Amino acid sequence: MARFWTFARRMLRHRLLLVTALAMALVSAGGLGAGLLGMLPILRTIFPTAGDEPKNLPQMVTEWSDRLHKSLGLTIPQAWIDALPTGRFDAVLWIMGALGVLTIVGATANFLHAYLSLTVVTRTIADVRRDVFRRVIH
């Protein structure tokens, strides 16, 4: 186990790449989680629960803003809520468009995380090989 940490410490030479890779991993995970949670308004718009009257997108966002205000003290501006479509079909299109943009951002972050992680590993392996070669030659 000590040998593993010896080589793992060598990766710390590339701190900026490691921090950026970690940030991209967090953005990718956040995008996935938000995408999964974003499906809930679509399902509620298309299939309202039994006994409940169907809600439009501004009503759902107003309720969410109220819950957000109670828990964190943050609110969504009323002008943004008023700009949302009231029709069910338009609401689904807006949500799907937002999820599409979120998917593109998450996929880009996922690619950058993988690329930067592999770059750190490749550079560290090259450094180890270079050091071993120098010792063997000298």
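Modeller: A salt bridge is a side-chain nitrogen of Lys or Arg that lies within 4 Å of a carboxyl oxygen of Asp or Glu. The model under discussion is predicted.

Biologist: What makes the pair Arg134 and Asp131 a salt bridge?

Modeller: The closest N and O atoms of Arg134 and Asp131 are 3.7 Å apart. The cut-off is 4 Å, so the pair Arg134 and Asp131 counts as a salt bridge.

Biologist: Where do Arg134 and Asp131 lie, and how many residues apart are they?

Modeller: Both belong to helix α5, three residues apart, which is about one helical turn. In general, an α-helix has 3.6 residues a turn, so residues three or four places apart point the same way.

Biologist: Which residue forms a salt bridge with Asp131 at 2.3 Å?

Modeller: That residue is Arg10, whose closest N and O atoms to Asp131 are 2.3 Å apart. This value is within the 4 Å limit, so the pair Arg10 and Asp131 is a salt bridge. Arg10 is in helix α1 and Asp131 in helix α5, so this pair ties together parts that are 121 residues apart in sequence.

Biologist: Why is the contact between the side chains of Arg10 and Asp131 called a polar contact as well?

Modeller: The contact between these side chains is 2.3 Å. A polar contact requires N or O atoms within 3.5 Å, one able to donate a hydrogen and the other to accept it. The 2.3 Å value meets that limit, so the pair Arg10 and Asp131 carries this name too.

Biologist: Which residues are linked in a network of salt bridges?

Modeller: The network links Arg10, Asp131 and Arg134. The structure holds three salt bridges. One of them joins the side chains of Arg130 and Asp127, at 2.8 Å from N to O. Arg130 and Asp127 are both in helix α5, three residues apart, about one turn of the helix.

Biologist: Is Arg10 buried or exposed?

Modeller: Arg10 has a relative accessible area of 18%. Buried means under 20%, so Arg10 is buried. Asp127, at 14%, is buried by the same cut-off.

Biologist: Why is Asp131 placed in its class of accessibility, with a relative accessible area of 27%?

Modeller: Buried means under 20% and exposed means over 50%. The 27% of Asp131 falls in between, so Asp131 is partly exposed. Arg130, at 39%, counts as partly exposed, and Arg134 is given that label at 47%.

Biologist: How do you know that the span of helix α3 agrees with its 16 residues?

Modeller: At 1.5 Å a residue, the 16 residues of α3, residues 57-72, should span 22 Å, and the end C-alpha atoms are 22 Å apart, which agrees. For helix α5, residues 88-137, the 50 residues should span 74 Å, and the end C-alpha atoms are 73 Å apart, which agrees.

Biologist: Which residues of α3 are buried?

Modeller: The buried residues of α3 are Leu57, Pro58, Met60, Val61, Ser65 and Leu68. Seen down the axis of α3, they fall within an arc of 155°, so they line one face of the helix. Pro58, for example, has a relative accessible area of 14%, under the 20% cut-off, so it is buried. Pro58 and Ile81 are 23 residues apart in sequence and 5.5 Å apart in space, C-alpha to C-alpha.

Biologist: Is Leu72 buried or exposed?

Modeller: Leu72, in helix α3, has a relative accessible area of 61%. Exposed means over 50%, so Leu72 is exposed. From Gly38, Leu72 is 34 residues away in sequence and 20 Å away in space, C-alpha to C-alpha.

Biologist: Which residue caps the N-terminal end of α3?

Modeller: Asn56 is the cap, with a side-chain oxygen 3.0 Å from the backbone nitrogen of Gln59. After α3 comes Gly73, with a positive phi near 80°.

Biologist: What makes the nonpolar surface patch of about 420 Å²?

Modeller: The patch is made by Met1, Phe4 and Trp5. Patches use residues with over 30% relative accessible area and no salt bridge, nonpolar side chains being joined within 5 Å. Phe4 belongs to helix α1, residues 2-10.

Definitions and conventions
Residues numbered from 1 in each chain as written. Predicted model: local features only at pLDDT ≥ 70, side-chain atom pairs only at ≥ 80, totals over all residues. Heavy atoms only, no water. Helix = DSSP H or I, 4+ residues; strand = E, 2+ residues; numbered from the N terminus. Expected span 1.5 Å × (residues − 1). Buried < 20%, exposed > 50% of the residue type's maximum accessible area, 1.4 Å probe, protein only. Arc of directions from axis to C-beta. Patch = residues over 30% accessible without salt bridge, like charges linked within 9 Å, V, L, I, M, F, W, Y side chains within 5 Å. Areas by Shrake-Rupley, 256 points an atom, 1.4 Å probe, with all protein chains shown as cover.
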